[in-house]
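Trainee: Before we go through this entry, could you show me how contacts with a ligand and contacts between domains are read from a model?

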Amino acid sequence: MTDTAIDQALAKAHQHFTGSNPASLRQFEEQARYMPGANSRSVLFYAPFPLTIAKGEGSALWDADGHRYADFIAEYTAGVYGHSAPEIRDAVFEAMNAGINLTGHNLLEGRLARTICERFPQIEQLRFTNSGTEANLMALTAALHFTGRRKIVVFSGGYHGGVLGFGTKPSPTTVPFDFLVLPYNDARAARAQIDAHGPEIAAILVEPMQGASGCIPGRLDFLQTLRDGAARVGALLVFDEVMTSRLAPHGLANKLGIRSDLTTLGKYIGGGMSFGAFGGRRDVMALFDPRTGPLAHSGTFNNNVMTMAAGYAGLTKLFTPEAAGALAERGDAMRARLNALCEKEGVALQFTGLGSLMNAHFVAGEVLRSEDLAAVDGRLRQLLFFHLLGQGIYASPRGFVVLSLPVSDADIDRFVATIGSFIDEYRPLLAAVG
Ligand SMILES: Cc1ncc(COP(=O)(O)O)c(C=O)c1O
């Protein structure tokens with residue numbers, strides 16, 4: 001099938017989308033007068049214009065034109081509780097009733113800190129931030145000061161926040177630290193490079209499963225090589241568990257049996273409010289003890305009462321360790337169904353990932369690193385996105401699919417059926433598996 005056929009299918013999808021969403025188009029045009037491209041989060045943009053989401057309830061969303069969607073993106077994993085959990089709303093209202101912006105240590109932050117430390121045993125002490133990006137910046141800063149070194153090992157395709165993105169080299173907006181970018185899931189290259197640069201390396205920063213680059217699980221031998229290498233050269237191993245902490249009752253690293261020196265968290269842990277945290281070894285975190293440590297760490301909203309209350313309610317009443325395990329199992333079962341379907345249909349489409357996080361990829365064969373996706377035709381991802389939207393399913397344009405707690409089995413059945421109808425409709429455009 002020719003290139004033209006894909007272009008034509010996409011033009012038809014865009015035309016249908018534009019005709020169906022006049023209110024979103026109007027919003028987009030008005031907002032573009034005050035925000036470049038009407039946008040304040042690059043990930044939310046797609047052509048011809050993004051939907052404006054007007055309302056959410058449970059696992060359902062409504063756009064500005066009144067269409068209803070089953071939400072399979074869930075605020076890029078921060079929305080594990082759905083859009084209206086009463087436990088979260090009650091906690092936030094209660095906190096607000098006791099006063100906003102209290103300018104002091106408050107009654108809520110200590111119990112959230114304790115809950116997180118008890119849940120993720122590698123975190124002996126932590127500090128809160130407002131985002132996962134900040135958490136990673138602070139963890140790296142801690143490592144630089146703790147070791148007195150400059151170099152930071154990261155991995156191609158890694159994403160650690162708005163100013164910490166990596167392809168085969170740092171993205172243009174990435175902070176100018178001294179990064180060494182190595183291939184993901186290549187234990188041999190990692191061992192050689194860690195040993196070659198050993199005395200310069202302050203930190204090795206890695207996602208145990210790369211999220212933004214397409215839900216690519218880290219191989220155990222690779223992650224263990226990083227653990228051993230960091231210990232050998234005296235660097236700190238920093239696991240970015242902003243996404244992966246949800247994938248097992250006590251986080252993915254804990255499930256894999258690898259103990260990092262520092263861990264960063266974010267997303268759902270704040271109960272859906274803005275959140276980040278970094279923590280780990282007590283001797284490293286002592287750098288930030290204002291009684292004795294040399295480092296200051298500020299942030300007006302670090303301990304804001306809404307996040308502190310919502311986070312505690314979420315982790316203790318809703319996304320308990322048992323609930324995290326159960327959601328991961330539902331995700332594993334859904335991904336197995338999707339992959340069985342793609343295999344049966346003989347198309348070059350697969351869903352990678354772990355537990356409740358997965359990503360559709362239009363490629364056959366094992367996906368070990370983002371380079372394995374370089375040849376994928378991005379137009380197929382777009383076609384899938386618009387096909388899902390047309391069936392009332394909101395997923396990410398990059399093929400990222402996320403389960404939240406309120407997603408129903410019927411929603412999952414519908415998602416699987418919609419992948420089936422996508423394959424039926426576009427079969428001639430999908431390369432056959434060889
Ligand atoms: C693995 C990982 N780290 C860090 C971040 C940054 O978190 P935030 O968007 O809260 O700054 C993200 C966001 O998607 C992420 O996926």
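Trainee: How many Å separate an oxygen atom of the ligand from an N or O atom in the side chain of Thr-133?

Mentor: Keep in mind that this is a predicted model. The distance from an N or O atom in the side chain of Thr-133 to an oxygen atom of the ligand is 2.5 Å, which falls within the 3.5 Å cut-off for a polar contact. A polar side-chain atom of Lys-267 lies 2.9 Å from a ligand oxygen atom, and for Gly-132 it is a polar backbone atom that is 2.9 Å from an oxygen atom of the ligand. As for cover, the ligand taken alone exposes 390 Å², of which the protein buries 84%.

Trainee: Which residues are around the ligand?

Mentor: Among them are Ser-131, Asn-136, Tyr-159, His-160, Glu-207 and Asp-240, as well as Val-242 and Met-243.

Trainee: Turning to the domains, what is the area buried between domain 1 and domain 2?

Mentor: The size of an interface is often given as the accessible area lost when the parts come together. Here the assignment places 1-82, 377-406 and 416-428 in domain 1, and 86-318 in domain 2; 10 residues from domain 1 and 13 residues from domain 2 take part in the contact. The area buried between the two domains is about 950 Å², with 61% of it given by carbon and sulfur atoms. On the side of domain 1, Thr-77, Ala-78 and Tyr-81 lose the most area to domain 2, together accounting for 55% of what that side buries.

Methods. Residues numbered from 1 in each chain as written. Predicted model: local features only at pLDDT ≥ 70, side-chain atom pairs only at ≥ 80, totals over all residues. Heavy atoms only, no water. Domains from an automatic or database assignment. Contact = heavy atoms within 4.5 Å. Buried area = accessible area lost by both parts, 1.4 Å probe. Near = heavy atom within 4 Å. Polar contact = N/O pair within 3.5 Å; in protein donor to acceptor, adjacent residues only side chain to side chain. Areas by Shrake-Rupley, 256 points an atom, 1.4 Å probe, with all protein chains shown as cover.
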